[in-house]
Every structure is written in C-alpha cells, then in structure tokens.
Amino acid sequence: VSSNFSALEFNERNTLEFMERINKLVDTFDYIFIDLGTLRNLSNDLTDRRWISTIKVWAANFADQILITTAGDLLSQTRLKELKSHIASISLAPKFSLISILSKDVKKQNIIAAPKVTPDWLSQRWEIPFEPRICAQAERERTTLAKVNEKSSLRKAILQLAVTITS
C-alpha cells in the first residue's frame, strides 16, 4: 500500500495458506491488524471448522491484543454485553481493548450510559468521535482524513490511538 504499510486479504480461496502466510508476516512486521469481522458467538467460532473461523482461532491463540469497536446505540451495547459473557466463559491469550465511537448528537442515539471506568475484562478503553461527513468525503475523494480536514477531531483521535497502540 505504501513503503510503511502493507495489506493482505484472506478469503475462502486463500485461507488454506493462512498459517504459512501469517508466520511470515509475524517475522516481517512489528504490528499486524486483522479485521475479524463480528465477534458475535465468539466461543462457537473458536470451535468451528469453517474457513472464516481459522483467522479468529489464530487471533485467539496468538494475538497480543484484540481491539473491539462499538457505538453507544442500544444494539451495539447489547452485543458488547453478549461478547463480555462469551469472553468470560472461555480462556483467551490476547488482551481486549475497546474503542467507543461517540456521536456528536447524543440525543439522537438510544444511549446506554457506559461507565468511564475500564471494566476488568478490558485492558484499555478509548473514545473516538463519529464524523460521518468527513469519512464520506474522504471516501468519495479517495483520500485521507488529513487531506479532507487536517483539524478533524476524528483524525486527531485516530492519530493519538495509533501512537498509544504502537508505543
């Protein structure tokens, strides 16, 4: 993708090569970010033999950290509670951290008040703003958040999060 960033997609066709490829990646890169998709029914996924579960099984055994993104709406908070109960019933190697996406207009969301204290099952908790217009503009223009709005609170939050994660 650039001199300091590489991307690789695993899908049904190439997941058989996943173990070979991930071992090379671990030896090559300092940080590997894997989009695991939804973590609903995580405990079931870890015993599943379908191709999509292969990556979750690897992450559950070898990742240092799993970052969970969530929002303040009722559905997101309900799923987060479900995930917490799944995590409590299984033993996993990685630490869990939470990234909460906050809306500027809290009144329009069906919010469940989230405690500001980090629960025991999380190692860290971050909050980033929800800025759909800036994201949509960056997507339309096929450019970065920095080029769309250098002073965006979302861009600043992501930058701070990246610095925290990689230091």
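Asn14 sits in the segment before helix 1 (18-28); helices are DSSP runs of H or I with at least four residues, numbered from the N terminus.

A polar atom of the Asn14 side chain lies 2.7 Å from the backbone nitrogen of Asn11. When neighbours within four places in sequence are set aside, Asn14 is in contact (heavy atoms within 4.5 Å) with Glu9 and Arg21.

## Basis of the model

This is a predicted model, in which local features need pLDDT of at least 70 and side-chain atom pairs count only at pLDDT 80 or more, while totals for chains, interfaces and linings use all residues. Residues are numbered from 1 along each chain as its sequence is written, and side-chain values use heavy atoms, with hydrogens and water left out.

## Aromatic pairs

The structure holds three aromatic pairs (ring centres of Phe, Tyr or Trp, the last by its six-membered ring, within 6.5 Å; planes under 30 degrees apart are stacked, over 60 edge-to-face and the rest tilted). Phe10 and Phe18 form an edge-to-face pair, because their ring centres are 4.9 Å apart and their planes stand at 80°. Both Phe10 and Phe18 are buried.

Trp58 and Phe62 have ring centres 5.8 Å apart and planes at 40°, so this pair is tilted. The two are four residues apart in helix 3 (residues 51-62) and so separated by about one helical turn. Trp58 is buried at 10% relative accessibility, whereas Phe62 is exposed at 53%. Phe10, Phe18, Trp58 and Phe62 make up one aromatic cluster.

Note on methods:
Polar contact = N/O pair within 3.5 Å; in protein donor to acceptor, adjacent residues only side chain to side chain. Buried < 20%, exposed > 50% of the residue type's maximum accessible area, 1.4 Å probe, protein only.
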